[in-house]
Amino acid sequence: MSDDSDQEKTEQPTEKRLKESREKGEVPRSRDLSGAAVVLAGVAALMAGGPRAFEHARNIFGFGLGYSREALFSDALPGRALHAAMHEALALFAPVALATLLAALAAPLLLGGLSFSGQALEPKFERLDPIKGLGRIFALRGLVELGKALLKVVFIGAVLALLLRHWQDPLQATGRGSVSAGIAQALGLLGQSALWFGSILALLGGLDALYQKYDHTKKLRMSRQEIKDEMKESEGSPEIKGRIRQVQMAQARRRMMEELPKADVVVVNPTHFAVALRYDEGRTGAPRVIAKGVDVLAQQIRLVAGSHRIPLVEAPPLARALYATTRLGQEIPAALYVAVAQVLVYVYQLKQAAAQGETPPAAPNPEVDPDLMGPYR
């Protein structure tokens with residue numbers, strides 16, 4: 001049984017945990033930061049198109065206040081004036097609407113990035129439970145959200161109230177001047193107010209983004225036992241991994257024994273090492289090791305080689321060097337070319353002498369650099 005420290009969620013979430021959370025649609029989000037991006041984008045679009053916005057606003061007032069005596073008694077006047085005013089209003093607010101729409105779509109990239117999850121769209125009927133709903137409201141997270149909302153209302157309301165007090169005289173003078181001057185002044189005050197509002201919201205949104213990222217990471221924290229279980233699940237338990245290695249080794253050994261009858265010679269160290277070589281002249285650049293083993297496996301190689309009449313050549317240094325330097329299926333290193341060539345020439349002479357009934361040649365004693373034997377020198 002694990003101790004209490006193992007059950008405390010004090011460890012940072014793993015990449016697998018973060019990926020699973022993103023697949024569920026659970027990524028850090030800040031509504032305040034997104035709202036600030038939308039407001040600032042709208043303000044930027046309004047200020048960038050200031051002269052055009054002034055013209056459209058003046059035309060709207062003109063359609064409503066300026067008309068001839070004949071048009072006054074025409075039944076078509078209201079429809080024409082409304083149609084023209086709507087056209088101007090659309091031209092006035094279209095850039096702002098487009099900028100805010102693009103900002104609303106791009107705002108999630110500021111925190112958490114894009115994330116679309118079908119699991120987030122699945123209905124969860126437990127959310128309809130009123131008791132659980134009250135629990136969420138009065139939970140710590142709900143109280144934090146309530147505190148942030150109250151802070152925003154107080155802070156933003158106070159700043160805007162100070163701005164209105166500061167602009168009290170210009171606002172009162174707006175209606176005493178010309179229509180054009182009043183429109184220009186109203187648009188200027190509206191843009192400055194929105195800019196202040198967006199800036200304050202951006203400041204609060206930045207703080208909220210830091211909190212949301214911290215809160216998201218905190219919710220995904222893991223205990224040490226959870227990390228151990230995840231590693232065991234992803235990598236497999238030691239027992240299973242050991243079993244897999246045994247099966248892989250057995251399969252590799254079986255394939256090696258199936259290839260062994262194709263060997264040209266088996267170099268042995270009389271009982272402990274056995275390395276089978278095959279040389280396909282014209283197809284490979286150098287002889288290849290097709291089987292090798294030590295102790296019991298070496299004995300099995302000797303038995304199979306004997307049953308298939310494959311020559312056994314005792315050359316202890318060469319057998320050890322071949323075992324240490326060459327993997328199965330690989331060609332021998334260049335440093336062993338001369339020694340192996342002596343063995344192959346001996347095998348060829350041995351077969352020729354047996355075919356002609358001559359005396360077998362003397363077995364070679366190839367010299368090998370002791371460093372090539374590695375730990376088996």
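Two salt bridges turn up in this structure. The cut-off is a side-chain nitrogen of Lys or Arg within 4 Å of a carboxyl oxygen of Asp or Glu. Side chains of opposite charge can pair when their charged atoms come close.

Before the details, the ground rules. This is a predicted model, where local features need pLDDT of at least 70 and side-chain atom pairs pLDDT 80 or more, while totals for chains, interfaces and linings use all residues. Numbering runs from 1 along each chain as its sequence is written, and side-chain values use heavy atoms, leaving out hydrogens and water.

Back to the charges. Arg278 and Asp280 meet at 3.0 Å, N to O. Is Asp280 buried or exposed? Asp280 is buried, because its relative accessible area is 13%. Arg278 is partly exposed, at 22%. For those words: buried is under 20% relative accessible area, exposed is over 50%, and partly exposed is in between, with a 1.4 Å probe and protein chains only.

The other bridge joins Lys262 and Glu259, with the closest N and O atoms 3.5 Å apart. Lys262 is partly exposed at 41%. Glu259 is partly exposed too, at 33%.

Now the strands. Elements here are DSSP runs numbered from the N terminus: helices are H or I with at least four residues, strands are E with at least two. Strands pair if DSSP finds at least two bridges between them. Strand E2, residues 273-278, is mostly covered, with five of its six residues buried. E2 runs antiparallel to E1, residues 265-269, and five bridges join them. A hairpin of three residues connects E1 to E2. Val268 has Ala274 of E2 as its bridge partner. E2 also pairs with E3, residues 288-294: six bridges, antiparallel. There, Ala276 stands opposite Ala291.

Next, the rings. How many aromatic pairs does a search of the whole structure find? Three. Rings of Phe, Tyr and Trp (its six-membered ring) pair if their centres lie within 6.5 Å; planes under 30 degrees apart are stacked, over 60 edge-to-face, and the rest tilted. Take Phe273 and Tyr323: centres 5.4 Å apart, planes at 75°, so edge-to-face. Phe273 sits in E2 and Tyr323 in helix H14, residues 316-325, which puts them 50 residues apart. Both residues are buried.

Tyr323 also pairs with Tyr376, edge-to-face, at 5.5 Å centre to centre and 80° between the planes. Tyr376 lies in the segment after helix H15 (337-356), so this pair ties together parts 53 residues apart in sequence. Tyr323 comes in at 19% relative accessible area, so it is buried. Tyr376 is partly exposed, at 31%.

Lys292 places its charged end over the ring of Tyr323, 4.7 Å from the centre. The test is NZ of Lys or CZ of Arg within 6 Å of the ring centre and within 35 degrees of the ring normal.

Last, the surface. Leu151, Phe155, Leu203, Leu207 and Leu210 make a nonpolar patch of about 520 Å² accessible area together. Helices H8 (140-166) and H10 (179-219) each give two or more residues. H10 has the largest share, three residues. Leu210, in H10, is exposed at 61%. Patch residues need over 30% relative accessible area and no salt bridge; nonpolar side chains (Val, Leu, Ile, Met, Phe, Trp, Tyr) join within 5 Å, like charges within 9 Å. Areas are Shrake-Rupley with a 1.4 Å probe; for residues, only the protein chains shown count as cover.
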